[in-house]
Amino acid sequence: MKLSLFDRVALALATAFLGLIALRPLITPEVAQAQTAQDHLFIEPGIHMLLSPDRTRQTQGKIVVDLTTGNIWGFPTSRDTPYPIDSAKPQPGTSLPMYLGKFDLNGMRSQ
């Protein structure tokens, strides 16, 4: 079966467009993001002094704010480091959250 000029042009265009779709990631690659999809959490940069609401515990650590509820959590690191380190144990440390308080986010909407 012999192809007509119209068939050849249609096949050439289809091949060209499929090639463009296949080569698009090489021309404009997607940007890799190191952030998670948890955009409802705000992690305060730096290390801060954490003081429990009952004033029984004071330590250094990271502050995390839940932007949907306004809850403020502190993750103790016990040192001036951004993550918990326990030099006595070979396993990585785990920091348990400490409830620090709450922001009244609804109060901003009422004013």
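I count two residues as in contact when heavy atoms of the two lie within 4.5 Å. The model I am reading is predicted, so I keep to its conditions: local features need pLDDT of at least 70, side-chain atom pairs count only at pLDDT 80 or more, and totals for chains, interfaces and linings use all residues. Residues are numbered from 1 along each chain as its sequence is written, and side-chain values use heavy atoms, with hydrogens and water left out.

**Entry on Gln58.** I looked up Gln58 and found its place in strand β3, where strands (E, at least two residues) and helices (H or I, at least four residues) are DSSP runs numbered from the N terminus. Leaving aside neighbours within four places in sequence, Gln58 is in contact with Met49, Leu50 and Leu51. Is Gln58 buried or exposed? Gln58 counts as exposed, because its relative accessibility is 57%, and the terms are set as follows: buried is under 20% relative accessible area, exposed is over 50%, and partly exposed is in between, with a 1.4 Å probe and protein chains only. I also noted that the C-alpha atoms of Gln58 and Ala16, 42 residues apart along the chain, are separated by 66 Å.

**Entry on β3 and its partners.** Strand β3 is mostly covered, with 7 of its 9 residues buried. I looked up its pairings, taking two strands as paired if DSSP finds at least two bridges between them. Strand β1 (residues 41–43) runs antiparallel to β3 and is joined to it by 3 bridges, and I found Val64 of β3 as the bridge partner of Ile43. Strand β2 (residues 48–51) is also antiparallel to β3, with 4 bridges between them; His48 has Gly61 in β3 as its bridge partner, while Leu50 stands opposite Thr59 in β3.

**Entry on the two hairpins.** The hairpin of β2 and β3 has 6 residues between the strands, and in it Arg55 takes a positive phi near 65°. I marked this because Arg55 is not a glycine, and I see that Arg55 counts as exposed at 61% relative accessibility. In the hairpin of β3 and β4, which has 4 residues between the strands, Gly70 takes a positive phi near 90°.

Strand β4 is joined to strand β5 (residues 98–102) by 4 bridges, and the two run antiparallel; here I found Tyr99 of β5 as the bridge partner of Trp73. Which residues make up the largest nonpolar core? It consists of 5 residues, namely Leu50, Ile63, Val65, Ile72 and Met98, a core being a set of buried Ala, Val, Leu, Ile, Met, Phe, Trp, Tyr and Cys residues joined through side-chain atoms within 4.5 Å. Leaving aside neighbours within four places in sequence, Ile72 is in contact with residues including Ile63, Val65 and Met98.

**Entry on Thr77.** Thr77 lies in the loop between β4 and β5, and I count Thr77 as buried because its relative accessible area is 3%. Beyond its neighbours within four places in sequence, Thr77 is in contact with Gln60, Gly61, Pro82, Tyr83, Pro84 and Ile85.
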